[in-house]
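Here is a note for a colleague who is opening this structure for the first time. Please keep the viewer open while reading.

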Amino acid sequence: MNIKHSIGLLFGLLLFQSLSAQGDLELRYKNPANTWTEALPVGNGRLGAMIFGGVEEELIQLNEETFWSGGPVKENVNPGAYENLQLARKALFKEEDYSMANAYSKKMQGYYSQSYLPLGDLKIKQELGGAQPTAYTRNLDIQRALASTTFQVNGTTYTREIFASAPDQVIAIKLTASKAKALNIVLQTGNPLPFENGIISQREITMRGKAPKNVEPSYVQAENPIILEDSTGCDGMRYDLRLKVHKSDGEVFTDEEGLHIENASEAILYLTAATSFNGYDKCPDSDGKDEKALVEDYLAKAEKQTWKTLLERHITDYQQYFNRVDFTLNESENIKKTHQDKSTLERLTAYADGGKDLALETLYYQYGRYLLISSSRPGGIPANLQGIWNKEVRPPWSSNFTTNINAQMNYWPAEMTNLSEMHLPFLDFIEDLSVAGKVTATQFYHTKGWAVHHNSDIWALTNPVGNLGEGDPMWANWPMGSPWLSQHLWWHYQYTKDNDYLKNTAYPIMKSAAEFCLDWLVENDQGKLVTAPSGSPENAFIDDNGKRGTISIASTMDMSIIWDLFTNTIEASGALNIDAGFRENLEKQRAKLFPLQIGKKGDIQEWYKDWEAEDPHHRHVSQLFGLFPGRQISPITTPKLAEAAKKTLELRGDGGTGWSLAWKINFWARLQDGDHAYKILRNLLHLTGQVGTNYADGGGTYANLFDAHPPFQIDGNFGGVAGMTQLLLQSYGDEIQLLPALPSAWQTGQVKGLKARGNFEVNLRWKAGKLTEASLKSIKGGLVKLRSAEAMNILSINSKSTKTEMGFTTEFNTEAGKTYQLKPKN
Ligand code: FUC
């Protein structure tokens with residue numbers, strides 16, 4: 001081994017070792033949760049639980065990811081749509097009548113999506129004679145995905161531990177008392193929907209029920225918003241929930257009150273559930289799965305594991321994902337001390353008062369990764385607006401998949417934080433939508449390809465929503481779902497370089513979305529390709545005559561999304577070396593797309609014309625799609641547009657709902673302004689207690705670190721993680737940027753295991769705001785172009801850094817499986 005090589009190895013080893021020390025990875029509380037947003041979430045992707053930590057009555061609110069209302073989408077819900085599309089276009093191009101375009105758009109609508117439902121509650125009632133507990137703590141260890149509650153009563157310590165196991169498909173609960181025979185409990189199940197409790201044996205109870213045929217969204221006024229009965233035998237899935245005592249030294253029996261455990265010192269319980277959901281296009285009732293057989297199988301298999309082996313299997317499984325990324329920010333000993341005995345709530349309160357707490361920021365970051373691993377597992381349903389955690393029968397926005405920002409934002413961190421597998425449920429879902437959306441494209445618009453609108457659900461709904469004319473077209477009719485969703489297929493390929501996936505799955509779906517767009521676009525009188533009707537989610541403009549409108553032509557977001565899809569599809573067909581004719585046509589059509597416009601205020605125009613926004617601080621910043629998640633605007637390749645994007649953000653302001661704040665962190669990261677991004681990160685982490693709906697300025701974080709729209713919506717958690725990642729590492733265009741937007745508050749720190757496009761794994765370490773060392777593992781080989789503030793040396797490699805207007809670039813070839821050590825030259 002030559003000296004250079006061994007230094008390289010040693011260097012890599014040191015970098016790895018120092019990074020393996022994790023920071024504070026626990027949420028801690030000193031009191032039981034009073035509200036749902038104080039309760040702690042666990043999940044295995046499919047089963048979810050919110051744990052309140054009550055003493056004499058513990059409430060564990062439960063979910064199962066497939067438990068939704070309704071059934072398969074009934075075909076052709078609006079035969080008049082196409083005719084009204086023609087009328088809307090005529091109103092727009094011939095008469096410039098935006099209100100008529102709006103009226104015709106309403107006539108193009110179908111029905112609303114269905115709702116994600118709560119599965120029920122488990123109550124653990126414990127006999128303590130009304131005594132006041134002491135030494136109470138409840139916490140969530142996100143490094144082991146394990147929740148626990150401990151307290152003392154009359155000298156006895158009681159402990160409750162809970163985790164949701166993916167390998168064994170149960171939620172496992174262990175209750176212990178430090179004194180013999182001190183544990184006396186009864187366990188009960190219930191549901192806000194009609195249900196039936198039953199006894200399976202002296203050790204096992206069941207709760208069964210059926211989902212409603214229809215649940216109207218919470219924002220719809222309806223006489224019968226919840227329809228339980230279904231005469232067709234198709235709609236409304238069944239569920240079965242089981243709770244079984246796996247082991248206890250006490251007396252165990254069941255009666256009508258529930259499951260009793262008396263005079264015990266320990267009780268281990270396994271809970272599981274299943275529904276009859278059998279795919280988006282199958283009747284969940286008549287053609288449903290046998291939910292009873294499923295739960296019995298889950299339980300029988302789990303019963304073979306002891307608590308110890310079940311927990312070990314769970315931790316091994318969870319950590320194979322979670323441990324891929326370490327993120328530490330160095331903090332002074334003095335500041336660390338001030339946090340030592342504080343609960344997470346106390347730390348959030350101090351943070352909201354302006355306190356420094358870098359460990360809270362890295363905890364928030366890793367908590368987002370925890371939530372993704374816990375709510376999105378291969379083979380399952382994607383994380384919805386609330387991940388998998390929902391307590392309401394009519395949850396906010398139906399807890400559905402909302403595709404004009406929210407569903408996609410959930411998956412922004414997946415690839416970049418080394419959780420590619422967690423992206424798969426979303427990618428599979430997009431595949432289903434590409435089939436279901438063909439029907440909508442053909443029937444509503446007579447186009448090729450597939451179309452998806454603003455809302456979807458477990459039934460792969462793709463039509464414009466609005467109950468045939470009741471929805472506001474500025475959101476209900478938004479038709480750009482298929483090109484935007486296709487971006488995720490391309491990202492998955494870019495990060496994995498999986499050619500088979502690109503060839504057999506991604507490319508055909510991207511191409512089909514492009515075919516939809518080609519048919520959807522129309523030529524304006526300047527020969528430019530535009531979309532019409534078109535809105536900018538969910539903002540209104542004031543037109544030249546002072547009139548408010550929402551539906552016009554070629555909103556910037558439409559054009560940016562289509563530019564993105566065309567560019568990705570061109571690159572994909574190039575990478576596969578197929579479809580040259582289609583590629584050339586896309587290149588030709590892309591050149592004709594109505595371009596981005598800089599308005600009189602120096603901003604990126606939101607609409608076709610330079611109109612004023614009704615709400616200049618609107619939460620959606622759709623006109624910056626090209627900055628992120630797109631890549632049409634970049635400070636490196638399009639500095640003028642980047643300047644206009646900055647102006648847009650300044651005009652929009654630094655407030656907003658949770659996901660809006662998270663999006664802005666990503667925008668400022670792309671603009672390489674780490675300090676501005678950090679300012680917004682602090683707004684995102686700002687403690688709020690708001691529970692009602694606030695569209696404007698209630699965004700922040702709840703006591704349990706859930707994102708507040710308000711109400712709770714999980715996209716802000718995930719978008720926040722993506723934004724924080726992009727402060728440290730970005731990869732788009734043809735380069736990887738090291739520390740492109742490091743906030744000055746993050747002076748010294750390290751991150752290990754982030755992913756860059758091209759399938760590279762990156763470790764970074766920095767001090768006093770400057771990169772000190774990095775390593776790059778090339779999983780698939782290939783050329784790398786790095787951008788960094790300083791010129792870089794790559795150990796054991798001859799490379800040259802080139803000075804540019806924005807730092808240095810360094811290019812070199814990599815071999816698959818090899819790790820490269822990098823150091824700044826100075
Ligand atoms: C869009 C947003 C709302 C909310 C909802 C789920 O309609 O404009 O703020 O996030 O989706």
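1. **Charges.** Lys and Arg count as positive and Asp and Glu as negative, while His and the chain ends are left out. The place of a charge is NZ of Lys, CZ of Arg, CG of Asp or CD of Glu. On that basis, the protein chain has 83 positive and 97 negative charges, and their mean positions are 6 Å apart.

2. **Ground rules.** This is a predicted model, in which local features need pLDDT of at least 70 and side-chain atom pairs count only at pLDDT 80 or more, whereas totals for chains, interfaces and linings use all residues. Residues are numbered from 1 along each chain as its sequence is written, and side-chain values use heavy atoms, with hydrogens and water left out.

3. **Overall size.** The C-alpha atoms of the protein chain fill a box of roughly 85 × 75 × 50 Å along the principal axes. The radius of gyration is taken over C-alpha atoms, and the globule rule is 2.2 Å times the number of residues to the power 0.38. For 826 residues, that rule puts a compact globule near 28 Å; the protein chain has 27 Å, which agrees.

4. **Make-up and surface.** The protein chain holds 20 helices and 38 strands. These are DSSP runs (helices are H or I, at least four residues; strands are E, at least two), numbered from the N terminus. Of the 826 residues, 63% count as buried. Buried means under 20% relative accessible area, exposed means over 50%, and partly exposed lies in between (1.4 Å probe, protein chains only). The protein chain exposes about 29,500 Å², with carbon and sulfur atoms supplying 49% of it. Areas come from the Shrake-Rupley method with a 1.4 Å probe; for residues, only the protein chains shown count as cover.

5. **Contacts along the chain.** A contact means heavy atoms within 4.5 Å. Take the contacts between residues at least 6 apart in sequence: 71% of them join residues at least 24 apart.

6. **His423.** Look in helix 11 (residues 420-445) for His423. Is His423 buried or exposed? His423 counts as buried because its relative accessible area is 0%. Leaving aside neighbours within four places in sequence, His423 is in contact with Tyr411, Ala414, Glu415, His488 and His492. With Glu415 there is also a polar contact, side chain to side chain, at 2.7 Å. A polar contact is a pair of N or O atoms within 3.5 Å; within protein, one must be able to donate a hydrogen and the other to accept it, and residues adjacent in sequence count only if both atoms are side-chain atoms.

7. **Asn102.** Helix 3 (residues 98-106) contains Asn102. Not counting residues up to four places away in sequence, Asn102 touches Asp472, Pro473, Thr550 and Ile551. The side chains of Asn102 and Thr550 make a polar contact at 3.3 Å. Trp611 is 509 residues from Asn102 along the chain, and their C-alpha atoms are separated by 17 Å.

8. **Asn191.** This residue sits in the loop between strand 10 (183-190) and strand 11 (195-201). Asn191 counts as buried because its relative accessibility is 11%. Which backbone atom of Leu119 does the side chain of Asn191 reach? The side chain reaches the backbone oxygen of Leu119, at 2.7 Å. The side chain of Asn191 also reaches the backbone nitrogen of Leu193, at 2.8 Å. Beyond four places in sequence, the contacts of Asn191 include Pro118, Gly120, Met207 and Tyr239.

9. **Helix 19.** In helix 19 (residues 674-684), 8 of 11 residues are buried. Among them are His676, Tyr678 and Arg682. Their cover includes helix 7 (344-352), helix 8 (358-375), helix 18 (658-670) and helix 20 (715-728). Strand 27 (700-701) and strand 28 (707-708) are also part of that cover.

10. **Backbone points to check.** Two peptide bonds deserve a look. The bond from Phe628 to Pro629 is cis, with omega near 10°. Pro629 is in the loop between strand 26 (612-613) and helix 17 (639-652). The bond from Pro710 to Pro711 is also cis, with omega near 5°, and Pro711 lies in the loop between strand 28 and helix 20.

11. **Positive phi.** Leu468 is not a glycine, yet its phi is positive, about 55°. Leu468 lies in the loop between strand 21 (455-456) and helix 12 (473-476) and is partly exposed, at 44% relative accessibility. Gln672 is not a glycine either, and has a positive phi of about 65°. Gln672 lies in the loop between helix 18 and helix 19 and is partly exposed, at 21%.
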